[in-house]
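Subject: Structure for you to look at

Hello,

Here is the structure I promised to pass on. Please open it first, then read my notes beside it.

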Amino acid sequence: MLNRREVLLAGAAASAALVSGCHSRGSHWLVLTDAEAHTLSALCDQIIPADEWPSASEAGVVTFIDRQLTGPYRRHRKTYRHGLEDIGNMALSRFGVELARASCAQQLQIAQAIEQQNPAFFELVRRHTLQGYYGSPRHGGNKDAVSWRMLGLAEPPLRGRAQYDFTAGPKA
Amino acid sequence: MKSVNAVVIGAGAGGGIVAKELATAGLSVVVFERGKWYTAHDCRKDDLRNQRTTVLGNAFGPDDDGNPRVLIDGKGNARQMLPSEGGYQNNAACVGGGTLSYGAQAWRYMPQDFRMRSTYGAPEGSSLEDWPISYDELEPFYEKAEYEIGISGDYSGTPFKGPRKRDLPMPPLPPNREFGILEPAAKRLGLHPFHLPMARNSVPYNGRGPCMRCRWCCGFACEVDAKNGSQNTVLPVALSTGNCELRTESMVTQILTDDRGRARGVSFIDSRGNQQEQLADIVVVSACAIESARLLLNSKSHLFPNGLGNRYDQVGRHLQGHHYTGATGYFDFETYDDVGPGASIAVTDYNHGTPGLHGGGMLANEFIRLPIHMIDRLPPGTPKWGLAHKQAMRQWHKRSIVIMGPTQQIPTATARVTVDPQVRDKWGIPVARIQGNVHPHTYDIGAVQAGRAEAWLKEAGAIHTVAMAGRPDSVSAGQHQAGTCRMGDDPRGSVVNKFCQVHDVDNLFVIDGSVHVTNGGFNPVLTIMAVAYHASDALVRNWKGTRFRS
């Protein structure tokens, strides 16, 4: 398994690859276009930014959302398409660059503006981002159970009651 | 298709027991279940797709495709709901029903819970009534359920309970850390905390091993099959008699009646989509409160133009569940030990006897918390996103305790299930239409309960508490749904008698939570099971050889 530093490096490399447009020849997204994925990635990373633990996109949240848009969330495809287009236009008109190329402070401004102007869309993205980050790794987010390890939960999880100490009692 | 003695519709908490009791008494039985038979291998431990967190769908049915319901909101607007949406009021659709994936708290109601109207009087606008059956009549059947299904726990710490002849068959699980924090606090408050009862093996029982204390519990199928439900207790016994057949993925569309107004069987759509008929001497409806009412209402004929059992417009009324209230407490030390099932300690001091309140409810600590449960349960003032949210998740996930419980719900006749005139499911059957509100006094009780939960958490050392006690403008049903075919002595005010027999069709029975007159301040499953044993007992005693006579 990758250690945390390797995860971070791998995530950083993946982000760099996205921004550099390496995927334009044959997109690996199922529903999103490369441009939409860049914009969504920037927005998700405002919702869960990196600190000593990975950001949303580093943990695979964009992959999670893209996958769910083929299944349970296909009913939200249009909302994503229009919402991401609006965000893209907002970034262009305010800062003259795509959201993914804007500075972190500018991305935060856009996220706050979207939360005000299109609260339904922002709430949808917020919920899906948190689901991807804190939910089961099987759906593409929470890569290597990174959020569970961040919260101090055993991963892989404990199995069998002999592993638990029931005599410890509460810490006063 | 060969005629059988009994058809049971629904393989959940009620239907499984009926099937077992009838099959072991020698009756030929066919059980219909619209869902699939899942096993421990289907646990999946999927935080986003289970029976409790359903953002990616229900793990144990129904599927989001082709199973809509219609919800009438507080303003009278009709809206189609998906099974994975809260307003759908889902339980489950699978062998075992809710008992496959429930948290498995297995409570007896208290004697007063069967005499709510006599004890408190009916609040204005309510349909609060007494049951036609008492706790004492049901007591032997509670015991039977506790031993045949397999319940662990220890009631000895509380005087607030109905009289019982035998202790539970299994001791409680070893206490988790929350138990250790909450027990002395409750005692300091003068309360009587104890190990709550659960349909979960704490020691080997019934040929299966004990709980391994994992994180994926309430909402999931148990990975080691230590959680006890219809699917791993009574149904296998029923099938092993050779008298019982279980037809999965088969949807009953209508109960058939003859010219004399007796049930003669059911029509159903089998797993390949073919419409068929199954004739039977007895028909037992055990499809859960909403679907049982829907089936009766959809079973129209010239003798029963408004549906079966519905001569006095009672089917579908008094829909109730539980208004859950309580509080979250935040601590400056770790409270979370990653030991399932989590829920471990309860008090029943508050179920009855508060002046001014028509009942109360049990309070217990909540099931083990998955990270996804915490994302919107952070202290007030925490930003909903951004670095501060992430840091708060780290700060509080292991330093919080939730105490809550099911508030005794005051029923109303206007909270009801009908069938929608337009919307149909994938089989072409008119779907359930749900409307009405919770009686406001329920919310008064809930607010007091939330304050009590906060006080308990504060005594336990919480540095901050947040009450959960809303007044939602909607019906309450969900996994605890009940009341739509209430039992009673008066045919004009009820659908079935105390033996779950439909008043005007003597070989038709409703045996599930539908018959609950009131739903107690407890999780209802053990009462559904006890009522099923009680009704089955009467049914078998009245069975005369090859034909049923009442």
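Below is what I found, taken topic by topic. Please keep in mind that this is a predicted model.

**Chain B as a whole**

Chain B has 10 helices and 20 strands. Its C-alpha atoms fill a box of roughly 70 × 50 × 45 Å along the principal axes. The radius of gyration is 22 Å, which agrees with the value near 24 Å that a compact globule of 550 residues would have. Of those 550 residues, 60% count as buried. Now take the contacts in chain B between residues at least 6 apart in sequence: 73% of them join residues at least 24 apart.

**The seven-stranded sheet**

Start with the open sheet of 7 strands in chain B. The order is β5-β6-β12-β13-β14-β11-β17, and the pairing is antiparallel. Which strands stand at the edges? They are β5 (152-154) and β17 (464-468) of chain B. Each has a single partner strand, so one side of each is left without a neighbour in the sheet. From one strand to the next, the twist averages 30°.

Look next at one pair inside this order. Strand β11 (residues 323-330) and strand β14 (residues 400-407) of chain B run antiparallel and are joined by 8 bridges. Gly326(B) stands opposite Met404(B), which belongs to β14(B). A helix also packs on this sheet: α9 (residues 440-459) of chain B. Helix α9 touches β11, β13 (363-365), β14 and β17 of chain B. Its direction makes about 25° with that of β11(B).

**The four-stranded sheet**

Another open sheet in chain B has 4 strands, in the order β4-β3-β16-β15. Here the pairing is mixed. The edge strands are β4 (78-81) and β15 (416-424) of chain B, and each pairs on one side only. Neighbouring strands of this sheet are turned by 35° against each other on average, direction ignored.

Two of its pairs are worth a look. Strand β3 (residues 69-72) of chain B runs antiparallel to β4(B), with 4 bridges between them. In that pair, Leu71(B) has Arg79(B) of β4(B) as its bridge partner. The other pair is β15(B) and β16(B), antiparallel over 5 bridges. Arg416(B) stands opposite Gln435(B) in β16(B). These two strands form a hairpin with 5 residues between them. In the turn, Gly428(B) has a positive phi of about 85°. Helix α6 (residues 289-298) of chain B lies across β15 and β16 (430-435) of chain B. This helix runs at about 65° to β15(B).

**Around strand β2 of chain B**

Is strand β2 (residues 29-32) of chain B covered on one face or on both? Both faces are covered. Val29(B) and Val31(B) are buried on one side, Val30(B) and Phe32(B) on the other.

Strand β2(B) pairs in the parallel sense with strand β1 (residues 4-9) of chain B, over 4 bridges. Ile9(B) has Phe32(B) of β2(B) as its bridge partner. Between β1(B) and β2(B), the chain crosses through helix α1 (residues 13-24) of chain B. This β-α-β crossover is right-handed. Strand β2(B) also runs parallel to strand β7 (residues 244-247) of chain B, again joined by 4 bridges. There, Val31(B) is partnered by Leu246(B) of β7(B).

**A covered helix in chain A**

Helix α3 (residues 61-68) of chain A is mostly covered, with 7 of its 8 residues buried. The buried residues include Val61(A), Phe64(A), Ile65(A) and Asp66(A). Among the elements that cover them are α2 (34-47) and α6 (119-134) of chain A.

**Where the chains touch**

The contact takes 32 residues from chain A and 31 residues from chain B. On the side of chain A that touches chain B, the elements giving two or more residues are α2, α6 and α7 (146-150) of chain A. Which of them gives the most? It is α6(A), with 4 residues. By class, this side of chain A has 16 nonpolar, 10 polar and 6 charged residues.

Best wishes

Technical notes. Residues are numbered from 1 along each chain as its sequence is written. Chains are lettered from A and ligands numbered from 1 in the order in which they are written. This is a predicted model: local features need pLDDT of at least 70, side-chain atom pairs count only at pLDDT 80 or more; totals for chains, interfaces and linings use all residues. The radius of gyration is taken over C-alpha atoms; the globule rule is 2.2 Å times the number of residues to the power 0.38. A residue is buried if 20 or more other C-beta atoms lie within 10 Å of its own, exposed if 12 or fewer, and partly exposed in between; C-beta atoms are placed from the backbone. Two residues are in contact if their C-beta atoms, placed from the backbone, lie within 7 Å. Two strands pair if DSSP finds at least two bridges between them. Axes are lines fitted to C-alpha atoms, for helices over the stretch in contact, and angles run from 0 to 180 degrees between N-to-C directions. Ala, Val, Leu, Ile, Met, Phe, Trp, Tyr, Cys and Pro count as nonpolar, Asp, Glu, Lys and Arg as charged, and the others, Gly among them, as polar. A crossover is right-handed if, with the strands pointing away from the viewer, the path from the first strand over the helix to the second runs clockwise.
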